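Dear colleague,

I am passing on the structure we spoke about, and below it you will find my notes on what turned up in it. Please read them with the structure open beside you.

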Amino acid sequence: SQYADPGLCQDSIAAALNLSPRRLSRIFKDGAGVSIPEYINTVRLDKALEWLESSNLSVYEIIAKVGIENESYFYSLFKKRFGTTPKAYMLRRKLKNV
(Lines give C-alpha, C1' and ligand atoms only; values in the text may rest on other atoms or scores of the structure.)
Protein backbone atom coordinates (compact mmCIF):
# COMPACT_ATOMS: atom_id res chain seq x y z
CA SER A 1 0.00 0.00 0.00
CA GLN A 2 2.91 2.36 -0.67
CA TYR A 3 0.73 4.02 -3.34
CA ALA A 4 -1.25 5.65 -0.50
CA ASP A 5 1.79 7.64 0.63
CA PRO A 6 1.39 11.17 -0.80
CA GLY A 7 5.20 11.48 -0.76
CA LEU A 8 5.67 8.50 -3.05
CA CYS A 9 7.47 9.74 -6.13
CA GLN A 10 10.31 8.94 -8.47
CA ASP A 11 12.86 10.72 -6.24
CA SER A 12 11.83 8.84 -3.09
CA ILE A 13 11.93 5.49 -4.92
CA ALA A 14 15.34 6.31 -6.43
CA ALA A 15 16.70 7.23 -3.00
CA ALA A 16 15.41 3.96 -1.51
CA LEU A 17 17.09 2.01 -4.32
CA ASN A 18 20.27 4.09 -4.20
CA LEU A 19 19.90 5.08 -7.87
CA SER A 20 19.77 8.46 -9.52
CA PRO A 21 16.20 9.53 -10.40
CA ARG A 22 17.18 9.79 -14.07
CA ARG A 23 18.62 6.25 -14.18
CA LEU A 24 15.62 4.82 -12.35
CA SER A 25 13.29 6.63 -14.74
CA ARG A 26 15.06 5.17 -17.76
CA ILE A 27 15.10 1.63 -16.32
CA PHE A 28 11.44 1.78 -15.34
CA LYS A 29 10.22 3.27 -18.61
CA ASP A 30 12.18 0.70 -20.63
CA GLY A 31 10.67 -2.13 -18.58
CA ALA A 32 7.13 -0.92 -18.00
CA GLY A 33 6.56 1.30 -21.01
CA VAL A 34 5.26 4.17 -18.87
CA SER A 35 6.84 6.72 -16.57
CA ILE A 36 6.91 6.20 -12.81
CA PRO A 37 4.40 9.03 -12.13
CA GLU A 38 2.03 7.58 -14.75
CA TYR A 39 2.32 4.14 -13.18
CA ILE A 40 1.73 5.44 -9.64
CA ASN A 41 -1.35 7.36 -10.81
CA THR A 42 -2.67 4.27 -12.62
CA VAL A 43 -2.38 2.20 -9.45
CA ARG A 44 -4.03 4.95 -7.40
CA LEU A 45 -6.89 5.38 -9.87
CA ASP A 46 -7.49 1.64 -10.12
CA LYS A 47 -7.71 1.44 -6.32
CA ALA A 48 -10.00 4.49 -6.22
CA LEU A 49 -12.31 2.85 -8.76
CA GLU A 50 -12.29 -0.37 -6.73
CA TRP A 51 -13.32 1.54 -3.59
CA LEU A 52 -15.97 3.49 -5.49
CA GLU A 53 -17.52 0.22 -6.62
CA SER A 54 -17.20 -1.81 -3.45
CA SER A 55 -17.41 0.54 -0.46
CA ASN A 56 -19.53 3.27 1.01
CA LEU A 57 -16.59 5.66 1.23
CA SER A 58 -17.13 9.17 -0.07
CA VAL A 59 -15.06 10.43 -2.98
CA TYR A 60 -13.20 12.67 -0.54
CA GLU A 61 -12.33 9.71 1.71
CA ILE A 62 -11.15 7.73 -1.31
CA ILE A 63 -8.96 10.60 -2.51
CA ALA A 64 -7.23 10.65 0.87
CA LYS A 65 -6.84 6.86 0.95
CA VAL A 66 -5.10 6.71 -2.44
CA GLY A 67 -2.55 9.35 -1.51
CA ILE A 68 -3.58 12.20 -3.79
CA GLU A 69 -3.60 15.44 -1.84
CA ASN A 70 -5.16 17.73 -4.45
CA GLU A 71 -8.85 17.08 -5.08
CA SER A 72 -9.02 18.87 -8.43
CA TYR A 73 -5.94 16.96 -9.61
CA PHE A 74 -7.65 13.68 -8.68
CA TYR A 75 -10.78 14.67 -10.61
CA SER A 76 -8.65 15.61 -13.60
CA LEU A 77 -6.75 12.30 -13.54
CA PHE A 78 -9.96 10.31 -13.04
CA LYS A 79 -11.75 12.01 -15.93
CA LYS A 80 -8.75 11.59 -18.23
CA ARG A 81 -8.51 7.88 -17.41
CA PHE A 82 -12.19 6.90 -17.24
CA GLY A 83 -13.86 9.61 -19.34
CA THR A 84 -16.12 10.83 -16.55
CA THR A 85 -16.07 12.21 -13.01
CA PRO A 86 -16.23 9.83 -10.04
CA LYS A 87 -19.73 10.99 -9.11
CA ALA A 88 -21.03 10.62 -12.66
CA TYR A 89 -19.43 7.18 -12.87
CA MET A 90 -21.23 6.06 -9.72
CA LEU A 91 -24.53 7.54 -10.86
CA ARG A 92 -24.32 5.66 -14.17
CA ARG A 93 -23.39 2.49 -12.33
CA LYS A 94 -26.39 2.79 -9.98
CA LEU A 95 -28.73 3.43 -12.91
CA LYS A 96 -27.47 0.28 -14.67
CA ASN A 97 -28.15 -1.79 -11.56
CA VAL A 98 -31.74 -0.57 -11.17
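With which residue does Arg81 form a salt bridge, and how far apart are the closest N and O atoms? The partner is Asp46, and the closest N and O atoms are 2.7 Å apart. Please keep in mind that this is a predicted model. Since Arg81 lies in helix α5 and Asp46 in helix α3, the pair ties together parts that are 35 residues apart in sequence. Arg81 counts as partly exposed, at 38% relative accessibility, and Asp46 likewise counts as partly exposed, at 36%.

A search of the whole structure finds three salt bridges. Another of them joins Arg93 to Glu53, with the closest N and O atoms 3.8 Å apart; because Arg93 lies in helix α6 and Glu53 in helix α3, this pair ties together parts that are 40 residues apart in sequence. There is also a salt bridge between Lys47 and Glu50, where the closest N and O atoms are 2.9 Å apart, and these two residues, three apart in helix α3, are separated by about one helical turn.

If residues up to four places away in sequence are set aside, Phe78 touches Leu45, Leu49, Leu52, Gly83, Thr84, Thr85, Pro86 and Tyr89.

Helix α6, which spans residues 86-96, has Pro86, Tyr89 and Met90 as its buried residues. Seen down the helix axis, these fall within an arc of 95°, so they line one face of α6, and they pack against α3, α4 and α5. On the other side of α6, Leu91 and Leu95 are exposed.

Technical notes
Residues are numbered from 1 along each chain as its sequence is written. This is a predicted model: local features need pLDDT of at least 70, side-chain atom pairs count only at pLDDT 80 or more; totals for chains, interfaces and linings use all residues. Side-chain values use heavy atoms; hydrogens and water are left out. Buried means under 20% relative accessible area, exposed over 50%, partly exposed in between (1.4 Å probe, protein chains only). Helices (H or I, at least four residues) and strands (E, at least two) are DSSP runs, numbered from the N terminus. The arc is that of the directions from the helix axis to the C-beta atoms. Contact means heavy atoms within 4.5 Å. A salt bridge is a side-chain nitrogen of Lys or Arg within 4 Å of a carboxyl oxygen of Asp or Glu.
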